[in-house]
Amino acid sequence: MQAPTPPPGAIPIPVGPGGQMPSPQQIAAMQQQIAAEAQKHGMTVPQFVEHIKAQRLAQLQQAQRMAQQQQQQQQQGGQGQQGGQQGPQGQPRPGPPPGAQGQPQPIRPGPPNPLAIVLANFLRGQPLKPRTCIINGERKDMFRVKRALRALQSPAYEKLRAKNPGLPEITDRASLENTFKLLPMSMLALRVTKVDPHAGHDHPPKKGKRIKGLWTVRVEQQQDAGDDMYYVWLYEGSQIMRKVYAALALVLIFIVVLYPLWPLVLRQGVYYLSWGFLMLLGLFFLMAIFRVILFCITYFVVPPGLWLYPNLWEDVSFMDSFRPVWAWHETTKPKKKKKKSSHSVNAESAAQLASHTGHPPPATATTTATTTQVQTAPQQRAYIAPRVEELADDE
């Protein structure tokens, strides 16, 4: 049985479960509450009721429009995603319910979506300016979200959609972020934040040469798509070339094992090459010894000393180990802090006053933690105002 509709301007009375009407006391309390709210908004009770009805009607219409837009987007991308929703043994993977794109969705492990793999291959080929980071003790590539979103808005993505119609169409910010979130949903890239590697340890951080730009990161639980957020690549691309290199390495090892069966000419060639390699190795160690001797000489002749190939033992690539050819030794200067006490300020002001008036300055005393020095200015000599040198802190 449907409840009767109240006349226009009347106060709607909510009906309890089972069609039970509220008691007169409850009706009076509700009427008083509505009258108080209407008075706060500067309206009469019928105007306030109509205002509430209009707000609820607008909210309902907006929710219906959003639901229709989400259903249209799902229908457009549903044709290409049908093949990616099949899990192992032909079982369909559970997907998000309709209208749940604006709600947090848990990431479930499983086979990656083929469209997400296509998107990942596209973004890895774009100039995202990746930087190296350390996650779980491994080095990975990290990129900023705004560069990936910029690549998705480029004409190159439209060409990719022409070849792969299943990729979502980007029309606004929401569709742009939903397209990017195909990566974390398939565990191809995850959001990370910078952390202190020594946080929670009892020992202080080790003093060493810090590699600029090398972050230690951890995975965040909330996978958002803000412009200034960072994502780390877990997808390493196609593994075909890695398998080819592994097969070539096995073939090379097998050929080396068959060295006694090689022809005599090949064995003689390898013999001479091995001697050449040993000579190069010996020259390398001689250079390492010479650079230490050169530093010891220049340390006393032209301090702070000169290093030949300063990055020779640093954690850099092979070519960067020999760049630059030479450099001066880097010394860490201790920070100098000079605090001016109130006593020294008073003594300086008194000395300046005495110099202006022509009278001899009063005796000044400087006390330190170890020794005591008393300085008394002469009575007959011309007085020169003292000057204080301020030393800037080394940054």
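Contact here means heavy atoms within 4.5 Å. Helices (H or I, at least four residues) and strands (E, at least two) are DSSP runs, numbered from the N terminus. This is a predicted model, where local features need pLDDT of at least 70, side-chain atom pairs count only at pLDDT 80 or more, and totals for chains, interfaces and linings use all residues. Residues are numbered from 1 along each chain as its sequence is written, and side-chain values use heavy atoms, with hydrogens and water left out.

**View 1. Where α4 meets α6.** On the α4 side, V145, A148, L149 and L152 do the touching, and they meet R173, L176, T179 and F180 in α6. Sorted by type, the residues of this contact come out as six nonpolar, one polar and one charged (Ala, Val, Leu, Ile, Met, Phe, Trp, Tyr, Cys and Pro count as nonpolar, Asp, Glu, Lys and Arg as charged, and the others, Gly among them, as polar). Two packed helices are described by the angle between their axes and the distance between the axes. For α4 and α6 the angle is about 110° and the axes are 10 Å apart. Axes are lines fitted to C-alpha atoms, for helices over the stretch in contact, and angles run from 0 to 180 degrees between N-to-C directions. The two helices, α4 and α6, are therefore roughly perpendicular to each other (under 35 degrees is roughly parallel, over 145 roughly antiparallel, 65 to 115 roughly perpendicular and the rest oblique).

**View 2. The largest nonpolar core.** A nonpolar core is a set of buried Ala, Val, Leu, Ile, Met, Phe, Trp, Tyr and Cys residues joined through side-chain atoms within 4.5 Å. Buried means under 20% relative accessible area, exposed over 50%, and partly exposed in between (1.4 Å probe, protein chains only). The largest core has 27 residues, and L123, F143, L152, Y157, F180, L183 and W233 touch the most other members. Two or more residues each come from α3 (114-124), α4 (145-152), α5 (155-163), α6 (173-180), α7 (182-185) and β5 (230-233). The top contributor is α3, with six residues. Zoom in on L183 and you find A116, L119, A120, L123, L188, A189 and W233 around it, leaving out residues up to four places away in sequence. There is also a second, separate core of eight residues, I135, V192, Y230 and V232 among them.

**View 3. The five-stranded barrel.** Five strands close into a barrel in the order β1-β2-β5-β3-β4, with mixed pairing. Neighbouring strands are turned by 55° against each other on average, direction ignored. Helix α4 packs on this sheet, touching β2 and β5, and its direction makes about 60° with that of β2. Two strands pair if DSSP finds at least two bridges between them. Strand β1 (residues 131-135) runs antiparallel to β2 over five bridges, and R131 has M142 as its bridge partner in β2. In the hairpin of β1 and β2, two residues sit between the strands, and N136 takes a positive phi near 55°. With β4 (residues 215-219), β1 pairs in the parallel sense over two bridges. Look for I134 opposite T216 and C133 opposite W215.

**View 4. Strand β5 and its neighbours.** Which way do the side chains of β5 point? Y230 and V232 go one way, Y231 and W233 go the other, and all are buried. Strand β2 (residues 138-144) joins β5 through three antiparallel bridges, with V232 as the partner of M142. The pairing of β3 with β5 is antiparallel too, over four bridges, and A189 stands opposite W233.

View 5. Is S186 buried or exposed? At 9% relative accessibility, S186 counts as buried. S186 lies in the loop between α7 and β3 (189-194), and it touches P112, N113 and A116, not counting residues up to four places away in sequence. K181 sits in the loop between α6 and α7 and is partly exposed, with a relative accessible area of 24%. Beyond residues up to four places away in sequence, K181 touches Q223 and A225. K181 and D224 are 43 residues apart in sequence, yet 8.1 Å apart in space, C-alpha to C-alpha.

**View 6. The whole chain.** The protein chain has ten helices and nine strands. Of its 395 residues, 19% count as buried. Among contacts between residues at least 6 apart in sequence, 57% join residues at least 24 apart.
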